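These are my notebook entries on one protein model. I set down what I looked up, in the order in which I looked.

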Amino acid sequence: MFTQLNPTIPVHVLGKGHGYAFGMIDYGQEHNLIWVTAIDETGEIWCAPNPQVRLGRNWTMGRSENPLIAADKEAARQRKAAEPCACEADMAQSAPA
């Protein structure tokens with residue numbers, strides 16, 4: 001069964017980042033719920049299994065940031081810091097021989 005979420009739900013997909021779930025797929029017993037999520041940073045649409053989806057912090061509800069989200073965000077920062085800048089590759093190609 002597919003359920004369109006209205007309103008969308010802000011979530012964090014571990015390994016992908018923050019986004020908005022706009023649909024949910026329920027295949028029934030013996031299956032995880034699947035959250036159809038648009039990822040903010042990349043615009044990609046991912047069908048994420050329930051164990052990979054987390055709600056973010058909500059001050060009004062008294063929910064602090066999930067430790068798995070904090071760890072995932074730190075890992076993403078470290079991956080970005082290790083990636084060479086795209087402009088470095090452009091400069092290397094245009095440098096005189």
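**Entry 1. Basis and overall fold.** I take helices (H or I, at least four residues) and strands (E, at least two) as DSSP runs, numbered from the N terminus. On that basis I find 2 helices and 5 strands in the protein. Along the sequence, the elements follow the pattern β-β-β-β-β-α-α. I note that this is a predicted model, in which local features need pLDDT of at least 70 and side-chain atom pairs count only at pLDDT 80 or more, while totals for chains, interfaces and linings use all residues. Residues are numbered from 1 along each chain as its sequence is written, and side-chain values use heavy atoms, with hydrogens and water left out.

**Entry 2. Burial and contacts.** I call a residue buried under 20% relative accessible area, exposed over 50% and partly exposed in between (1.4 Å probe, protein chains only). Of the 97 residues in the protein, 21% are buried. I count a contact where heavy atoms lie within 4.5 Å. Among contacts between residues at least 6 apart in sequence, 28% join residues at least 24 apart.

**Entry 3. Trp35.** I located Trp35 in strand E3. Is Trp35 buried or exposed? Trp35 counts as buried because its relative accessibility is 14%. I set aside the neighbours within four places in sequence and listed the contacts of Trp35: Leu5, Ile9, Ala21, Gly23, Met24, Trp46, Cys47, Ala48, Asn50 and Val53. I also checked Val11, which is 24 residues from Trp35 along the chain, and the C-alpha atoms of the two are separated by 9.4 Å.

**Entry 4. Rings.** I looked for aromatic pairs, taking rings of Phe, Tyr and Trp (its six-membered ring) as paired if their centres lie within 6.5 Å, with planes under 30 degrees apart stacked, over 60 edge-to-face and the rest tilted. The structure holds 0 such pairs. I then looked for a charge over a ring, which requires NZ of Lys or CZ of Arg within 6 Å of the ring centre and within 35 degrees of the ring normal. Lys16 lies over the face of Trp46, at 3.8 Å from the ring centre.

**Entry 5. Backbone points.** Which peptide bond is cis? I found the bond from Asn6 to Pro7 to be cis, with omega near 15°. Asn6 is placed in strand E1, and Pro7 has its place in strand E1 too. Asn6 is exposed, because its relative accessible area is 73%. Asn6 and Ala21 are 15 residues apart in sequence and 9.6 Å apart in space, C-alpha to C-alpha. I also noted Glu30, a residue other than glycine with a positive phi, near 70°. Glu30 is in the loop between E2 and strand E3 (34-39). With a relative accessible area of 76%, Glu30 is exposed.

**Entry 6. Largest pocket.** I searched a 1 Å grid over the protein atoms alone; a pocket is an open set of points where a 1.4 Å probe fits, with protein on both sides within 12 Å along at least five of seven lines, and lining residues have an atom within 4 Å of a point. Volume is the space filled by probe spheres set on the points, which are joined across faces, edges and corners. The largest pocket holds about 380 Å³. It is lined by 17 residues, and those closest to its centre are Lys16, Gly17, Glu41, Ala76 and Lys80. Strand E2 (17-25) and helix H1 (67-82) are the elements that give two or more residues to this lining. H1 gives the most, with 6 residues. I classed Ala, Val, Leu, Ile, Met, Phe, Trp, Tyr, Cys and Pro as nonpolar, Asp, Glu, Lys and Arg as charged, and the others, Gly among them, as polar. The lining of the largest pocket divides into 2 nonpolar, 5 polar and 10 charged residues.
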